Amino acid sequence: MRLTVVGSGVMGRGIAYTALINGYFVNLIDINEKALKDAEIEINKLVQKAESRGLLVKVSEEDMKNRISYSTNLEKDVVTSDFIIEAVTEKIHIKKFVFETIDKFAPSHCILATNTSTMSPTEIGSYTKRPDKVIAMHFFNPVHKMKLVEIVRGLETSDETVSKVIEVAKCMNKETVVVNEFPGFVTSRISALIGNEAFYMLQEGVATPEEIDKAIKLGLNFPMGPFELGDLVGLDARLNNLEYLHKTLGEKYRPSPLLVKYVKAGRLGRKTGKGVYDYSNEEVKI
Ligand SMILES: NC(=O)c1ccc[n+]([C@@H]2O[C@H](COP(=O)([O-])OP(=O)(O)OC[C@H]3O[C@@H](n4cnc5c(N)ncnc54)[C@H](O)[C@@H]3O)[C@@H](O)[C@H]2O)c1
């Protein structure tokens, strides 16, 4: 089966790598050549690392490189796809453009999944002529390490599409939950609230980021503190989620002004070398 991932940022490259090592032929597409090149370098590093640890049981490192292609041509490269996972920027006008385009060029049997963290698969499905084949397939960061895929069906999503998506997620070695559509689903709704509250606390001078993270990890038994997680997810991605949830669910999701300020300053987290914490002297860990 040929699987296409659209968007080669933090999530797209992780989804492409996870599909690749689990036996799929993968196309990775982005409009930004630099993002695509960075994704290729990162995926090659991950493949080498997995090979050196003896984890690539199904195929060799060389075969692996031949089974993935990188492209900036969305129209041309979705033509042979059987399954598409969209992981472009969390802005509805960008998702609309991407879904309208892939619907025009992808074969009629092809399922169109969105990795949106918050948005409506029903609305995204309405941009296509195949809403029965549109669904949210929400992966987590880092994709190859996180066990869950949260599956969200839209109003018109068929049972057949849900079954197929569960099957693909299982082939990618993931556990699934199927939830009903509502902004933020289960995970993003809770995560956005906690992350935002931590920023309000920082803004109010309640404690330092280190103290807040330590309190949440050791006191509440979370594996990561809210700032560690925010820096990993990307503060811009976190802000996009909050803006959408604020618009759809109301006041309690109003983004903290301090978070907005960090994003304006370009402090987006690990991906830019600085977020709440400074990573400039740290080797990037994959
Ligand atoms: N970051 C996370 O931890 C996380 C977790 C789960 C889900 N998500 C969701 O995954 C999606 C992607 O998030 P991300 O963090 O990887 O973002 P990102 O900013 O790292 O990457 C987005 C990529 O999309 C590309 N893009 C933009 N417009 C495009 C187009 N028209 N065609 C092709 N590519 C295009 C950009 O060039 C960029 O490389 C979002 O919907 C986000 O909500 C993110």
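Visitor: Which residue is the bridge partner of V5 in β2?

Guide: Welcome! This is a predicted model, in which local features need pLDDT of at least 70 and side-chain atom pairs count only at pLDDT 80 or more, while totals for chains, interfaces and linings use all residues. Residues are numbered from 1 along each chain as its sequence is written. Strands are DSSP runs of E with at least two residues, helices are runs of H or I with at least four, and both are numbered from the N terminus. Two strands pair if DSSP finds at least two bridges between them. Here, V5 has L28 as its bridge partner in β2, and V6 stands opposite I29. Strands β1 (residues 2–6) and β2 (residues 25–29) run parallel, with five bridges.

Visitor: What is the order of the strands in the sheet?

Guide: The open sheet has eight strands, ordered β3-β2-β1-β4-β5-β6-β7-β8, and its pairing is mixed. At the edges are β3 (68–71) and β8 (175–180), each pairing on one side only. In a regular strand, side chains alternate between the two faces of the sheet.

Visitor: Which strands does helix α1 touch?

Guide: Contact is judged by C-beta atoms, placed from the backbone, lying within 7 Å of each other. Helix α1 (residues 10–21) packs on the sheet and touches β1, β2, β3 and β4 (83–86). Angles run from 0 to 180 degrees between N-to-C directions, using lines fitted to C-alpha atoms, for helices over the stretch in contact. The direction of α1 makes about 170° with that of β2.

Visitor: Why is β2 described as largely enclosed?

Guide: A residue is buried if 20 or more other C-beta atoms lie within 10 Å of its own, exposed at 12 or fewer, and partly exposed in between, with C-beta atoms placed from the backbone. Four of the five residues of β2 are buried, so the rest of the structure largely encloses this strand.

Visitor: Where does the ligand lie relative to the domains?

Guide: Domain bounds come from an automatic or database domain assignment. The ligand lies between domain 1 (2–180) and domain 2 (187–272), because both give residues to its shell. The C-alpha centres of these domains are 26 Å apart.

Visitor: Which residues come nearest to the ligand?

Guide: A residue counts as near if its C-beta atom, placed from the backbone, lies within 6 Å of the molecule. Of the 30 residues around the ligand, the nearest are G7, G9, M11, A35 and N141. Helices α1 and α5 (92–105) each supply at least two residues of the shell.

How values were computed
Contact = placed C-beta atoms within 7 Å.
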